Structure formats: structure tokens, C-alpha cells
Amino acid sequence: MICLQWLCIPFLLLHPNTSNIGQTAFNHTYQEPWVGTLERDMVWKWIDDFLMLGLGSVSFQTFHQRTLSASSSVTAQLTCYAAAFVIAILGIPPVLVGAVAASTDWNLTQYGSPAPYMRGNQSLVLPLTLQYLTPPYISIIGIGAVAAAVMSSMDSALLSATSIFSSNIYKNILHKQASNYEMQWVIRVTVVVVGLVGTSLTFYTNSTLVLWILGADVSYTLIFPHLVSVLFFKVTNGYGATVGYIAGLTIRILLGENAIGLPVVLQLPGCTLEDGVYIQKSPVRTFCMFCTLVTILVFSMLALFMFNHGLLPERWDLFKVKCNVPVPVPVTENPKEEAESEAECHENRHGVALQPML
């Protein structure tokens with residue numbers, strides 16, 4: 001897709017109805033300059049968006065699919081470093097397309113006036129520029145590349161969600177004795193349900209960017225704290241993870257999201273009322289992420305303390321977090337066994353595992 005986008009760029013830049021993008025970057029020509037300004041009261045929101053895009057993607061299941069499928073840990077690290085460099089290059093064509101759209105006199109094209117931005121069609125800038133500012137054969141190639149990339153991404157997300165539910169939830173938790181035939185039907189039903197849910201989300205907005213940011217938002221505020229807890233805090237258990245997920249989801253809903261019409265109920269410092277709608281100026285996603293992380297750790301330690309001190313009966317311990325005291329092994333009288341035991345202890349002091357390790 002990136003090669004086909006670069007193929008379209010020269011036709012867009014050299015179109016007779018398009019002005020120099022360097023001149024329109026900071027000057028009002030046909031519309032507002034395509035290089036925006038950073039307002040002081042929006043600094044925290046920009047920082048919040050930066051952290052969401054940088055850390056939220058770490059929790060994506062597709063990211064871990066790529067790293068875990070690498071032949072070695074070194075290969076996985078090199079892949080991540082290369083991706084960090086390449087992703088900046090991949091963002092150049094979309095920026096140029098947006099700059100061309102802001103530098104075009106649309107009144108001279110078949111699209112007519114006003115410009116797409118003035119009509120509220122900024123989410124359709126890419127197909128509109130390809131349709132009206134490039135030859136027909138270039139337009140077909142470019143739109144076909146976009147359609148192929150969208151279908152590929154949707155297919156990957158659909159299979160990821162299906163595999164997570166069928167393997168991690170149904171097979172490991174709900175029905176551990178499920179046969180292969182049963183798993184096939186579970187996968188088929190899950191594909192249909194996930195597809196319908198994903199399709200229903202498109203009725204709330206016409207922008208795919210909003211849906212993508214919404215996914216990154218959920219990953220950053222809910223999944224990322226769980227990932228950090230599992231990797232760096234041994235006290236984490238299922239009880240803290242469950243309560244953390246519920247608390248984080250509740251807080252995120254109360255903080256609101258104007259992009260999908262979710263009203264603001266919990267107002268953070270800096271929240272203002274603009275045109276009858278409350279606008280959050282604080283880093284709401286980062287605040288929600290820290291709330292989720294703290295909730296996971298606090299309730300994990302609380303559950304561990306209550307079960308280990310007998311404040312809750314052991315039969316209620318669904319996640320088996322209680323630390324059972326090991327039964328002392330009787331001392332053997334066989335000299336040969338004693339010698340083997342001493343040898344094992346001697347090896348263990350030097351870091352040799354007594355049991356196989358996964």
C-alpha cells in the first residue's frame with residue numbers, strides 16, 4: 001500500500017489546481033493553514049494523546065503475535081526498533097495528501113466548492129483527492145490499495161479477537177474438555193458475533209480514525225495497566241485484575257468521550273463548557289490508566305492478605321491465590337538417597353533447577 005501511495009503523490013503535487021504546499025502551510029490561501037498551532041490549554045491533551053499512541057499499542061495482541069513468532073529475542077528487539085523507524089516514513093504520504101487537499105482550489109474541480117474540510121468531510125480526504133486530483137487509472141490503483149489494506153487489517157483484527165476468545169477464554173476457562181469439532185463451531189460463531197459488533201460501531205461515526213483511536217484508548221486505559229501489573233508486580237492476581245477492569249471501564253465512561261457522543265459526567269480540573277458540551281482539557285486517559293493500575297495492585301494485595309490470613313474461606317478462592325504451606329518431607333534413612341539429596345542441594349546453590357522450567 002505504501003508504494004502505491006507514493007505513486008499517487010507526484011500526480012497530487014503537480015495538479016494544476018493545487019498550490020505550493022510550502023506556501024499554504026502557514027498562510028490562509030483556500031482555507032486555514034494545514035500546519036496547526038498548539039494552544040497552551042491543550043498541552044496536557046496532546047501529551048495524553050502521545051502517551052496513548054505510544055503505550056497503548058504495546059498492548060495490542062497483534063504486536064505480541066509478531067514478537068512471539070520471532071526466531072529469537074534479539075530478532076524480536078530488532079523488529080521493534082526497525083518498526084519504530086519505518087512507521088515515521090509510513091506517515092509521510094498521508095501528511096502530503098492532507099497538505100494537498102488543504103492547498104487545492106476545489107471550486108475548479110468537479111467536486112466544487114466549498115472544500116471537503118468546510119463540508120465536514122475531512123475523514124474522506126484521501127478518496128476525494130484520489131478521485132478528483134489524479135487520473136482515473138491512478139485513482140483506481142490508489143483506492144484499491146486502500147481497500148486491500150483495510151480488508152487486511154480487519155481480517156487480522158477479526159482473527160485476533162476470535163482466537164483470544166476461543167483459546168484463552170472458552171478452551172482454558174469455560175470448557176476445558178472441548179473437542180476440536182466444538183472449537184470449530186465456537187470459532188465460527190465468534191467470527192459472526194465479533195463481525196456484527198464491529199460493524200455496529202460504524203453507525204456511530206463515519207471516521208475510521210475515530211474508531212482506531214477508540215481502540216487505542218481502550219488498550220491504553222484498560223489493557224496496558226494489566227500488562228504492566230503482570231510483568232512487573234508478582235502480587236497481581238485474578239481478583240485485582242477483575243476489579244481493575246471494572247473500575248477502569250467505569251471511570252473511563254464517566255470521563256466521557258466527545259468523539260462518540262459520550263457525555264462527560266466526571267469533570268477533571270480544566271474541564272470547560274463550549275457550545276453546551278463539556279470539554280476535558282486534562283489527560284483523562286492517563287488518569288484512567290493510573291486508576292486502573294492502582295486498583296489492580298491494591299485489590300490483588302487485599303485478596304492475597306484476606307485469603308492467607310483466613311479472613312475469607314478457602315472455598316471462595318476461585319483463582320487459587322492462597323499460599324499453602326508445604327508439608328515437610330520426612331528425612332530418609334537410606335545413605336544413597338541422602339547423598340543424592342545433598343548433591344541436588346549442592347547443584348541448586350549453583351543455580352541448577354530441581355524441576356523442569358518452561
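At what angle do H5 and H6 pack, and how far apart are their axes? The angle is about 20 degrees, and the axes are 5 Å apart. Angles under 35 degrees count as roughly parallel, so H5 and H6 are roughly parallel to each other. From H5, the contact uses Ala88, Ile89 and Leu90. From H6, Ile92, Pro93 and Pro94 take part. Those residues divide into six nonpolar, no polar and no charged.

One caution before I go on. This is a predicted model.

Take H3, residues 43-56, and H11, residues 208-232. Their axes come within 9 Å and cross at roughly 75 degrees. The range for roughly perpendicular is 65 to 115 degrees, so H3 is roughly perpendicular to H11. H3 brings Asp48, Leu51, Met52, Leu53, Leu55 and Gly56 to the contact. H11 answers with Trp212, Ile213, Ala216, Asp217, Ser219, Tyr220 and Phe224.

Next, the cores. How many residues does the largest nonpolar core have? It has 14. Ile9, Leu12, Ile21, Val97, Val100, Trp106 and Leu133 have the most contacts inside it. H6 gives the most, with five residues.

Leaving out residues up to four places away in sequence, Leu133 touches Phe11, Leu12, His15, Thr18, Val100, Thr104, Trp106, Thr109 and Leu128. There is also a second, separate core of seven residues. Phe224, Val228, Met289 and Leu293 are included in that one.

Back to H6 itself. Its buried residues are Pro93, Leu96, Val97, Ala99, Val100, Ala101 and Ala102. The cover over them includes H1, H2 (21-24), H5 (73-90) and H8.

H2 holds Thr24. Is Thr24 buried or exposed? Thr24 is buried, because its relative accessible area is 3% and the cut-off for buried is under 20%. Beyond its neighbours within four places in sequence, Thr24 is in contact with Ser19, Thr29, Pro33, Trp34 and Ser103.

On to H9, residues 136-174. Buried along H9 are Ile138, Ser139, Gly142, Ala145, Ala149, Ser160, Thr162, Ser166 and Tyr170. H1, H4 (61-68), H8 and H10 (180-201) are among the elements that cover them.

Last, the backbone details. Ser113 and Pro114 are joined by a cis peptide bond, with omega about 0 degrees. Pro114 sits in the loop between H6 and H7 (116-119).

Two residues other than glycine have positive phi. Asp275 has phi near 55 degrees. This residue lies in the loop between strands S1 (272-274) and S2 (277-279). Asp275 is exposed, at 80% relative accessible area. Lys320 has phi of about 55 degrees. Its loop runs between H13 (284-308) and H14 (335-349). Lys320 is exposed as well, with a relative accessible area of 68%.

Definitions and conventions
Residues numbered from 1 in each chain as written. Predicted model: local features only at pLDDT ≥ 70, side-chain atom pairs only at ≥ 80, totals over all residues. Heavy atoms only, no water. Axes fitted to C-alpha atoms, helices over the stretch in contact; angles between N-to-C directions. Helix = DSSP H or I, 4+ residues; strand = E, 2+ residues; numbered from the N terminus. Parallel < 35°, antiparallel > 145°, perpendicular 65-115°, else oblique. Contact = heavy atoms within 4.5 Å. Core = buried A, V, L, I, M, F, W, Y, C linked by side-chain atoms within 4.5 Å. Buried < 20%, exposed > 50% of the residue type's maximum accessible area, 1.4 Å probe, protein only. Expected span 1.5 Å × (residues − 1). Nonpolar A, V, L, I, M, F, W, Y, C, P; charged D, E, K, R; others polar.
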